[in-house]
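Here is a quick tour of a model, from the overall fold down to a few residues. Have the structure open and follow along.

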Amino acid sequence: IKELGDVPKISSSSTTDTQLVLKNRFGNRIEQELNDHAELFDHTKELIIKVFRVTPIDQAGTVLLPEILEFARTYAKDNENEKLEKNASEALENVLKLEKVGFISPDDNYDQFLKSVAAEISNRALR
């Protein structure tokens with residue numbers, strides 16, 4: 001409120017219109033944050049695709065995405081695959097960041113995110 005300054009003096013006999021202009025000081029920052037999260041989301045999808053291509057995954061039960069990525073890191077270490085280990089580690093970090101800011105959710109077992117990954121793979125197959 002202090003930023004608005006003093007109340008302007010307007011005489012009651014004045015026929016001048018008064019106009020108040022509001023400036024959104026937070027809009028650009030919020031848009032930038034959303035854009036940053038979207039870029040991180042897309043980059044994470046790319047990493048997940050790379051990791052899933054080379055990691056053998058047992059489909060015996062329901063396993064959460066972070067657990068799969070942790071398994072991929074262990075698998076990469078055991079097989080001395082530094083690139084896979086790096087990709088799995090980065091993907092895991094990104095998933096946790098996106099989860100923290102609410103961009104993806106463990107509440108649905110990361111289903112929406114995994115559907116997005118599947119859609120990306122499907123779109124690439126059509127090209």
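## Ground rules

Buried means under 20% relative accessible area, exposed means over 50%, and partly exposed is whatever lies in between (1.4 Å probe, protein chains only). The model is a predicted one: local features need pLDDT of at least 70, side-chain atom pairs count only at pLDDT 80 or more, and totals for chains, interfaces and linings use all residues. Residues are numbered from 1 along each chain as its sequence is written, and side-chain values use heavy atoms, with hydrogens and water left out.

## Overall layout

The protein chain has four helices and zero strands, in the pattern α-α-α-α along the sequence. Helices (H or I, at least four residues) and strands (E, at least two) are DSSP runs, numbered from the N terminus.

Of the 127 residues, 24% count as buried. Take contacts (heavy atoms within 4.5 Å) between residues at least 6 apart in sequence: 60% of them join residues at least 24 apart.

## The core

A nonpolar core here is a set of buried Ala, Val, Leu, Ile, Met, Phe, Trp, Tyr and Cys residues joined through side-chain atoms within 4.5 Å. The largest one holds 19 residues, and Ile 48, Val 51, Leu 65, Leu 69, Val 95, Ile 104 and Phe 113 touch the most other members. Each of α1 (27-54), α2 (65-78), α3 (82-100) and α4 (111-126) puts in at least two residues, with the largest share, six residues, coming from α3.

Leaving aside residues up to four places away in sequence, Leu 69 touches Ile 48, Val 51, Ala 88, Ala 91, Leu 92 and Val 95.

## Aromatic rings

Rings of Phe, Tyr and Trp (its six-membered ring) pair if their centres lie within 6.5 Å; planes under 30 degrees apart are stacked, over 60 edge-to-face, and the rest tilted. That rule gives three aromatic pairs. One of them, Phe 41 with Phe 103, is edge-to-face, at 5.7 Å centre to centre and 65° between the planes. The two sit 62 residues apart, Phe 41 in helix α1 and Phe 103 in the loop between α3 and α4.

Phe 41 is buried at 15% relative accessible area, while Phe 103 is partly exposed at 31%. Ring pairs link both of them and Phe 113 into a cluster.

## Two positive phi values

Most residues other than glycine have a negative phi. Glu 80, in the loop between α2 and α3, has a positive phi near 50°, and is exposed at 73% relative accessible area. Asn 109, in the loop between α3 and α4, has a positive phi of about 60° and is partly exposed at 41%.
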